[in-house]
Amino acid sequence: MSKIGFVGLGIMGTPMAGHLVKAGHEVFLFSTSSVPQQLIDAGAKRCASGKEVAQRADIVITMVPDTPNVQAALFGANGIAEGLSRGKVVVDMSSISPIATKEFAKRINELGCQYLDAPVSGGEVGAKNATLSIMVGGSEQTFERVKPLFELMGKNITLIGKNGDGQTAKVANQIIVALNIEAVGEALLFAAKAGADPAKVRTALMGGFASSKILEVHGERMIKRSFDPGFRIELHQKDLNLALSSARALGLSLPNTATAQELFNACAARGGKAWDHSAMVRALETLANFEIGQKVE
C-alpha cells in the first residue's frame, strides 16, 4: 500500500480521497477548509499543512479550484514544496492554466521530484462513483507509477503527452461541455415554447443521434429546475477564461465559446455563480421571456 497525500477536500476531492482510503492506502489529508470527519473515521490522517502532507506521503495529490490555489498549495508558506524530498511525486488533479502548469512542473522537477497534471471530467457524480475521465500530462514512467491510484478514482485514463497537455485536454473538454449545455438549453426551450412537453422531447431525443450525457443529466436538471451543484458556474467561467485567453495567445477565434461564456456571465450577474452550470439555460430563458416549465398561453 502507498503513502498518499491529498490536499483539497471539496465537492470533488472528498469522494476522490475516500476511494483511496477505502482501497487501504495510508492517506494524509489537508484542506484550507475543514477535513471531513468521515474520512478520518475511515482511517485517513489529518495534517496541519501541505508541508506535513508532503513530508509524510510519497505521492501528493492536489484538487483545488484554480491556478492561484494550486500555486499557494505548492509554493506558499508551509506548502507542499517545503515538505518534498527527492523521488516523490506531485499530481495536480485541479483544472488550471496549461502555461502555469508547465512552470509548476519545472519547479517541482528542480527539487528532484516528478510532476503530473491530471485534471478530471465527470463532476460530482463521477467523483462519487469513481468513473472520472482523467487526462494526464507528464512522463510515461511517472504515469505508470501513479496509474493504479487513478484507476481507483476513474475509468477513462489517458496519458496525453508532456506536462501541460493534460490541462490542455481539460480545457478542450470544457469547451465541448459548455457548448453542449447551450445546445440542450436552446433545444428544450424551443420545444417548450412551441407547446411540446420538454420531458417527452428529451426522452425521444435520448434514442437518437442527438443523445448525449449532457442531454441525459443536464437536460433533466433543466426540466426539473434542479440547479444545485454539481459543477458551479463560476468554475466553468474559470475554465472558459482559460480557453479564451489561450486562444488569444494562439491566434485562434472561438466564437461559440465566447457566447457560452457570456451566458454564464449573465447568470453570474443574477447571483448565480454557485448554480450548477446546467443553469446556463436560465440566461436563455431570460432572453426568451419564457421558462421551460412554463405553460404556453
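The tour below visits helices, cores, aromatic rings, a loop glycine and a pocket.

A word on conventions: this is a predicted model, in which local features need pLDDT of at least 70, side-chain atom pairs count only at pLDDT 80 or more, and totals for chains, interfaces and linings use all residues. Residues are numbered from 1 along each chain as its sequence is written, and side-chain values use heavy atoms, with hydrogens and water left out.

**Stop 1: helix α1**

Select residues 13-22, which form α1; helices (H or I, at least four residues) and strands (E, at least two) are DSSP runs numbered from the N terminus. Eight of the 10 residues of α1 are buried, so this helix is largely enclosed by the rest of the structure. Here buried means under 20% relative accessible area, exposed over 50% and partly exposed in between, with a 1.4 Å probe and protein chains only. Among the buried residues of α1 are Met-16, Ala-17 and Leu-20. After the helix comes Gly-24, with a positive phi near 100 degrees.

**Stop 2: the cores**

Now select Phe-6, Met-16, Leu-29, Val-91, Met-93, Ile-134 and Phe-150: these have the most contacts inside the largest nonpolar core, which has 33 residues. Such a core is a set of buried Ala, Val, Leu, Ile, Met, Phe, Trp, Tyr and Cys residues joined through side-chain atoms within 4.5 Å. Elements giving two or more residues to this core include β1 (3-7), α1 and β8 (132-137). The largest share, five residues, comes from α8. For another core, apart from this one and made of 25 residues, select Phe-227, Leu-240, Leu-263 and Met-280, which are among its members.

**Stop 3: aromatic rings**

Rings of Phe, Tyr and Trp (its six-membered ring) pair if their centres lie within 6.5 Å; planes under 30 degrees apart count as stacked, over 60 as edge-to-face and the rest as tilted. By this rule there are two aromatic pairs. Select Phe-75 and Phe-104: their ring centres are 5.8 Å apart and their planes at 55 degrees, so this pair is tilted. Phe-75 belongs to helix α4 (residues 67-75) and Phe-104 to helix α6 (residues 98-109), 29 residues apart. Phe-104 is buried, at 4% relative accessibility.

A charge sits over a ring if NZ of Lys or CZ of Arg is within 6 Å of the ring centre and within 35 degrees of the ring normal. Elsewhere, Arg-282 lies over the face of Trp-275, 4.2 Å from the ring centre.

Next, select Phe-143 and Phe-150, both of them buried.

**Stop 4: Gly-112**

Which residues does Gly-112 contact, leaving aside its neighbours within four places in sequence? Arg-86 and Gly-87 are in contact with Gly-112, where contact means heavy atoms within 4.5 Å. Gly-112 lies in the loop between α6 and β6 (114-117), and is buried with a relative accessible area of 18%.

**Stop 5: a pocket lining**

Finish with Pro-98, Thr-168, Val-171, Ser-246 and Leu-250, which lie nearest the centre of the second largest pocket, among 15 lining residues. A pocket is found on a 1 Å grid over the protein atoms alone, as an open set of points where a 1.4 Å probe fits, with protein on both sides within 12 Å along at least five of seven lines; lining residues have an atom within 4 Å of a point. α6, α9 (165-193) and α12 (233-250) each supply at least two residues of this lining.
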